[in-house]
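Here are my notes on side-chain contacts. Please read them with the model open.

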Amino acid sequence: MDQRAVNGKIISEPKVLKLSPLLIFVKVADERGDVQNCLVHQHGLNFLYQATVGSRVALFGHDNRRKQFVVTHFTVMASSASVAS
């Protein structure tokens, strides 16, 4: 499997595809303007809480057979959600 990183901006509202196991779909425009169809499984609830349209994200993962980017690690760098301390 070819691992790679994607930095970009979320351009679609995160959508829950499955509840068990949790699977989230989101579209991300990378730095070149290419649109990536992304699937988030690991830590999906955290992603759903932090990510909104327009958030800057850093994603790490691999492509599956359907040319979807399967996210294994992510960081939401700028979002409208605030973290309670």
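Which residue forms a salt bridge with Asp 30? Point 2 has the partner.

1. This is a predicted model: local features need pLDDT of at least 70, side-chain atom pairs count only at pLDDT 80 or more, and totals for chains, interfaces and linings use all residues. Residues are numbered from 1 along each chain as its sequence is written, and side-chain values use heavy atoms, leaving out hydrogens and water.

2. Arg 32 pairs with Asp 30 in a salt bridge, with the closest N and O atoms 4.0 Å apart. The term means a side-chain nitrogen of Lys or Arg within 4 Å of a carboxyl oxygen of Asp or Glu. Arg 32 also meets Asp 34, at 3.2 Å from N to O.

3. Arg 32 is exposed at 69% relative accessibility, Asp 34 is partly exposed at 36%, and Asp 30 is buried at 13%. (Buried is under 20% relative accessible area, exposed over 50%, partly exposed in between, with a 1.4 Å probe and protein chains only.)

4. The structure has three salt bridges. One of them joins Arg 4 to Asp 63 at 3.0 Å, N to O. It links strand β1 (residues 3–10) with strand β5 (residues 56–63), the two residues being 59 apart. Strands are DSSP runs of E, at least two residues; helices are runs of H or I, at least four; both are numbered from the N terminus. Arg 4 is partly exposed at 29%, and Asp 63 is partly exposed at 34%.
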